[in-house]
Each structure stands twice: as structure tokens, then as C-alpha cells.
Amino acid sequence: MCCNTSNCSPGILHRKNEYPITFNLINYMKTIFTIWLLAGYLLSPGLFAQKGDIMDALLTAKGELYIQVKVHGKADVDAISRIISLDHVNGDYTLATAYINRQTFDQFRFLGYSYELLPNPYETFTGIEMWDLSEKVPADWDYYPTYEGYVSMMNGFAAQHSDICKVYSIGATNQSRELLMLKISDNVNDDEAEPEFLYTSSMHGDELTAYVLMLRLTDYLLTRYGTDPRITNMVDNMEIFINPLANPDGTYKGGNSTVASAIRGNAMYIDLNRNYPDPEDGPHPDGNPWQVETVAFMDFAEENHVVMAANFHGGAEVVNYPWDTWAKLHADDSWWIYVSREYADTVHINAVPGYFTDFQNGITNGYQWYSISGGRQDYSTYFTQSRESTIEITENKTPPAYLLPSYWDYNHRSFLNYMEQAMFGLHGLVTDSITGEPLPSRIFIFGHDTDSSEAYSHLPHGYYTRLLNEGSYNVTFSCPGYHSRVISGVQIQKRQKTELNVKLLSLTAIGNEDICEHTFRIIPNPNDGDFVLNISSKTNQTGLLEVISPIGKTILIHPVELKPGANDLAFHLKGLQNGIYLLRISLEGKYFTKKMWVK
Ligand SMILES: [Zn+2]
């Protein structure tokens, strides 16, 4: 989604009064002429079908068109947003701009909304300076790369910093361009027990500011590693993924040497940010099959466990956080507001006044802006347990190239702040208490988690990350075949890491293992439910006794208090069925288990 708001520059029709240069001037004039010819016709009443015919002809010629629609309130906006690819909405929800393709226009035209044709956004681009392989890379990053220049630069990053950077393709597009992913981390070829973070930009092919800024961020991280302690810490303790260009076919619609004819959709004119499975509207909310770009990113999500991400767009200046699809708030709404606020406030310290101030001074809940379905943000957050925001970085989707260094100055500290957040919150390893084997477990906070907001630990390390706002949490760790554990009162503080390694006891574990400095006997054994626990201890200590039935159900949890020397604790459990029971005592975070035979 892109833009809107009371704070957006006022004229949707006249967003920028700059003149396009050279190569797209002709295109621009043609469109203006077309609109001038069509304007009276399209706006006159009673010619609905004929209007559609003309739009059909233009859609055949261009594939993707940009229109302005008259609407009456947010409900209208949310309704048409489910059909056409909404871009801007004005502050009082009376005018919306949107991209249409053949398919979406066919659904939209019969709803009877009044609309007019606008120039495609790329026809208003100005100052598009390109860099290609034949020229030295400009030091100021005040250019847009050609496609070959982009590929060359990405490969150059990996070649020059092979110890901490690799580049690979996560898939090819319809027009055989590559979806390139950088991984930046120490031990870059290993999957380490570290939080995975993802930046991706420009899935809308004509929103290109962050395309260049992500390349520059990569250069910044790689060249400062080893000398800048903050950057070194991030690279050493995170696995950073950066995909600067998520829709190269849309961006290079006019050929590999220019971005001046970039479109929003992919080569099939499909909006990739409406093409993902949706928590509310199912696997294909836009009615299209998953595009090759969508499949590539879904495969990437399956293979990795990204815990935090941002997806850069253009057309507004705001951090848009989940959810987009429904009005319900995310379980971690207060955390979202905190990290979004941190991004925007840091921008404000470093930017010219008025920049990045849309909505609540640079942040918004997605649905409160307008609802979209099939967006990547909700897909990643709901289906992959990541935390993905949509950052609209510049009002001008593809600004003149000479402005790119300024946008870097305004945003790069926020890029780092936001990335670092993936290292804070709750982190740890979940393992089998007896064998030490890593476990894939579910980490759930009762009374807090909802709508798929829980976290998971993953193999091969049993590592998990649970990003949380400051506070105290009761966290339940569970894994099939294991007894669940609740860890109460876990304290989380802002911009700090809380480490919590958890051992789970197997349901089938039969313990005869020695109990370190404690000896632990059941007298008699076998018994009929009446027994004495004989435990010797070196110190005063308290713990818990858990009695687990033959089917793995905890039937008793009882506090135990031990004094130095021998302790005899009598229990009278009536009505126990015959079988092998497991007695587990937890002391000082360690478990000691014995089996007890009831007959
Ligand atoms: Zn966008």
C-alpha cells in the first residue's frame, strides 16, 4: 500500500510540478494528450460501456493504468481496495488513486464508481540518473543502477567481503531476472543460533528510493565491519538478509538500462503486495495464482526463520505496522508502536522538518489507514511468525537521483535501530532435559498471544526469538512428546536481551539418573500410592515435585522444602491406577527424575 493522508501533499493530480526529462518526456506528452482527448468523453455521463472500451484499448497498450476514484468514506475505500490496487487516499476519504490491470478493471468497472484516468506514476518521474557498468560507481550514491549494474554490485559485495557476505538467487522472474538475496553475518555459510532479520524493497517496481538505500546500507555494513563496534556486534550476532529489489521485472519494464518506465506490478501486471495468502481472506485473496516472485519469497520464508523484517515502499512517509487485513490489533501492538515510533523519531532528529510525518507523525496501524488483503506484511507476520512492517519511505515514489543521498542521511540511523531490535526481547535454546538434543517447540504466552503471535524454536539449534515490549511475562514452552513448562515472571526491558534456555522433559523419559549432590529414593517402590520420598540435601532449598501418570499427564504438583541432611516427605495418593509413574523434582532449575511403580 502506498500513501494517503491528511498530511500528504495536497494535490493528488498535481503531486509534483517538476518536468520530466529527456527519455520519458515523449511518453509523458503522449499521455497528457491522450488524457486531454479523453477527458471530456470519460467524464461525461451515460457513456459507461464506451468508456470501458477506451480503457480496454489503453490497458492493452500499457498493461497497467493509474486512475482516480470518487469514494464516500473509509468503508468505500476498504471495499474497492479488495478489487483494485489502491495507492493513495485523501484525508477525508473522498478521492482514492489506484492501479488497475485488465482483470481488476473488469471487476471494478461494474461497481459504478466514477473515475478518471491519470498519467502512470513513471510518466512523472524526473531526474532519473542511471549508472551502468561502463562507469565508475559514484561515491555519493546519487543514481539508480541499471539491472546489470545492480547484479554486478551485488556480486561485488560478496566477492570483496566473502567472509561475512554471500549473494544468491531465491528465484527467477518471468523475464528471467534474478531475485537476489544477500546474507550478511559472521560465519556466513553456517546457520547459527542467531536472530534472522530481513530488509526487502521495491516489490512495487516503481517505488525505488529504498532500492538504492538498501544497496548503500549493504556497503555501509560491510565496510564498517571490524572497525565500528555497533556494526560488528550486529553482524556477529544476527543473520542479516537484504533483498534490495523484489520486483525487477516491474522496475526494468522499460529495459535493463533504465528505471524510467518502472511499473507497480510484475511482468504480468499483478500487484505482488496483494498476491500473498491472507489471514482473513485465504490463500488467493486477489484471485490470481501465486506469482513466481511470491513463491520465491514463500520458499525463502520456509527455509529460514526470519523474526523481524521491513518491506520498503514509496508513495508516503510512514511506518505501517500490522495488521492490514483486519481491525483487530496485533498481540504486540504496544511493541509495534514502540519500534515504529523509534524509527520515525530518529528520522525526525536527522531530517528536514515535514519529512516522514504522515498519520501519527510517521507511524500508523495498517488497517486504520485502509484495509488491504494479500499483503506481504500480514503474510509474514501471521504465517511465518516474523514481525514485518511496511515502511513507506518517500512521498515521491522514485525521486530525482540527486535527492537519494539526503534520504540516506535521514534514514540510515533508523535502519540500524530497527535491525537491532531483532537482538532484543527473549532469546534462548530449547533442549531435551536428558539428552540435550535441540527441540522444535512452541513458545506461547497465555493471556497475551493471539492470532498466530506465538514464537517457535527451530532445529538444528532449538533456537528461538520472542520479541516483546518491556514487561513481565509467563511463558509456556511446549513440544509434542514432552511435558510443557511454564516459566513465570520473565522480565523484558527495552533494548535489552533476556536470555532463557529451557529444558523439556520427555514424556517417555524413565529416570534412573543420579541426582548430583542429592540422593532421591522412593520408599517403598513398588507401592499403592502411599510412599515416602527420601531426599538428602546439602543446603536449605525449595523446589517442586511433579507426579506424572503413565499416559504423561501431570497429576500432582507439590512444593518441597529441603533442609540440610536427610528429608522424609510422606505422600498419600489414592486411587492411582497400576503402572509406571514418573516423579520429577525440580531444584535450582535442575530436574531429578525417578520412576515409581504403582500396583
Ligand atoms: Zn507500495
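This is a predicted model: local features need pLDDT of at least 70, side-chain atom pairs count only at pLDDT 80 or more; totals for chains, interfaces and linings use all residues.

Author: Asn187 sits in the loop between β8 (178–184) and β9 (196–201), and despite not being a glycine it has a positive phi of about 45 degrees. For context, most residues other than glycine have a negative phi, and most peptide bonds are trans.

Now for the peptide bonds. Going from Ile523 to Pro524, the bond is cis, with omega near -10 degrees, and Pro524 falls in the loop between β23 (519–523) and β24 (530–537). There's also a cis bond from Asn525 to Pro526, where omega is near 10 degrees. Pro526, too, is in the loop between β23 and β24.

On to the buried side of things. Glu239, found in strand β10 (residues 239–243), is buried because 25 other C-beta atoms lie within 10 Å. Leaving out residues up to four places away in sequence, Glu239 touches Lys183, Ser185, Glu192, Glu194 and Glu196. The C-alpha atoms of Glu239 and Ile164 are 10.0 Å apart, although 75 residues separate the two along the chain.

Helix α3 (residues 74–81) has a buried side as well: Val77, Ile80 and Ser81 are buried. Look down the axis of α3 and those buried residues fall within an arc of 105 degrees, so they line one face of the helix. The spacing rule behind such faces is that an α-helix has 3.6 residues a turn, so residues three or four places apart point the same way. Covering the buried residues of α3 are, among others, β1 (65–70), β2 (85–89), β3 (95–100) and α4 (102–108).

That leaves α14 and its partners. The axes of α6 (residues 209–224) and α14 (residues 404–420) come within 10 Å and cross at roughly 60 degrees. These two helices are therefore oblique to each other, and their crossing is right-handed. From α6, the contact takes in Thr209, Val212, Leu213, Arg216, Leu217 and Tyr220, while α14 brings Leu404, Tyr407, Trp408, Asn411, His412 and Phe415. By type, the residues of this contact split into 8 nonpolar, 3 polar and 1 charged.

With α10 (residues 333–350), α14 packs at an angle of about 150 degrees, the axes being 8 Å apart. An angle over 145 counts as roughly antiparallel, and α10 and α14 are therefore roughly antiparallel to each other. The crossing of α10 past α14 is right-handed. On the α10 side the contact is made by Val339, Glu342, Tyr343, Thr346, Val347 and Asn350, and on the α14 side by Asp409, Tyr410, Asn411, Arg413, Ser414, Asn417 and Tyr418. Those residues divide into 5 nonpolar, 5 polar and 3 charged.

Notes: Residues are numbered from 1 along each chain as its sequence is written. Helices (H or I, at least four residues) and strands (E, at least two) are DSSP runs, numbered from the N terminus. A residue is buried if 20 or more other C-beta atoms lie within 10 Å of its own, exposed if 12 or fewer, and partly exposed in between; C-beta atoms are placed from the backbone. Two residues are in contact if their C-beta atoms, placed from the backbone, lie within 7 Å. Axes are lines fitted to C-alpha atoms, for helices over the stretch in contact, and angles run from 0 to 180 degrees between N-to-C directions. Angles under 35 degrees count as roughly parallel, over 145 as roughly antiparallel, 65 to 115 as roughly perpendicular and the rest as oblique. A crossing is left-handed if the near helix is turned anticlockwise from the far one by less than a right angle, and right-handed if clockwise. Ala, Val, Leu, Ile, Met, Phe, Trp, Tyr, Cys and Pro count as nonpolar, Asp, Glu, Lys and Arg as charged, and the others, Gly among them, as polar. The arc is that of the directions from the helix axis to the C-beta atoms.
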